[in-house]
Amino acid sequence: QVQLVESGGGLVQAGGSLRLSCAASGSIFSINAMGWYRQAPGKQRELVAAITSGGSTNYADSVKGRFTISRDNAKNTVYLQMNSLKPEDTAVYHCNVHGQTSPLRKFDSWGQGTQVTVSS
């Protein structure tokens, strides 16, 4: 079993910044991709940013230049630095981690979600 614990959400004014963290723990053999998704009320969940084990990153067009994803492999933690926040960034942000609990067993875990609210 792999658990993800997210932190860092909250209420911020437009133009402000927040930093989300997601720490993975449990039976972890290796971690491959780590990412952040978000879901706003009445909308589908969408990929915000992802990072591979090699450090390659991918961002949604709507956050490019404003958000930065990074990871600390020693701590099994992924971060999302969010700058220049806009009201349309308001959503529940979920962490997602892919990896292996053993050489032959994969896992795909989701965090419980953290609320980000940006006021205008």
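A polar contact is a pair of N or O atoms within 3.5 Å; within protein, one of the two must be able to donate a hydrogen and the other to accept it. The legends below describe close-up views of a predicted model.

**View A. The side chains of D89 and R38 are joined by a polar contact.** The length of this contact is 2.9 Å, which is within the 3.5 Å cut-off. D89 lies in the loop between strands β8 (77-82) and β9.

**View B. D89 also has a side-chain polar contact with R66.** Here the side chains of D89 and R66 are 2.7 Å apart in their polar contact.

**View C. The surroundings of D89 include residues from elsewhere in the sequence.** Is D89 buried or exposed? The relative accessibility of D89 is 1%, and buried means under 20%, so D89 counts as buried.

**View D. C22 and C95 form a disulfide.** The two sulfur atoms are 2.1 Å apart. A search of the whole structure finds one disulfide. The pair links distant parts of the chain, with C22 in strand β3 (residues 18-26) and C95 in strand β9 (residues 91-102). The two cysteines are 73 residues apart. Both C22 and C95 are buried.

**View E. The S-S bond of C22 and C95 is shown with its torsion.** Why is the disulfide left-handed? The torsion about the S-S bond is about -80 degrees, so the disulfide between C22 and C95 is left-handed.

Terms used
Residues numbered from 1 in each chain as written. Predicted model: local features only at pLDDT ≥ 70, side-chain atom pairs only at ≥ 80, totals over all residues. Heavy atoms only, no water. Disulfide = S-S within 2.5 Å. Helix = DSSP H or I, 4+ residues; strand = E, 2+ residues; numbered from the N terminus. Buried < 20%, exposed > 50% of the residue type's maximum accessible area, 1.4 Å probe, protein only. Contact = heavy atoms within 4.5 Å. Lists of a residue's contacts leave out its neighbours within four places in sequence.
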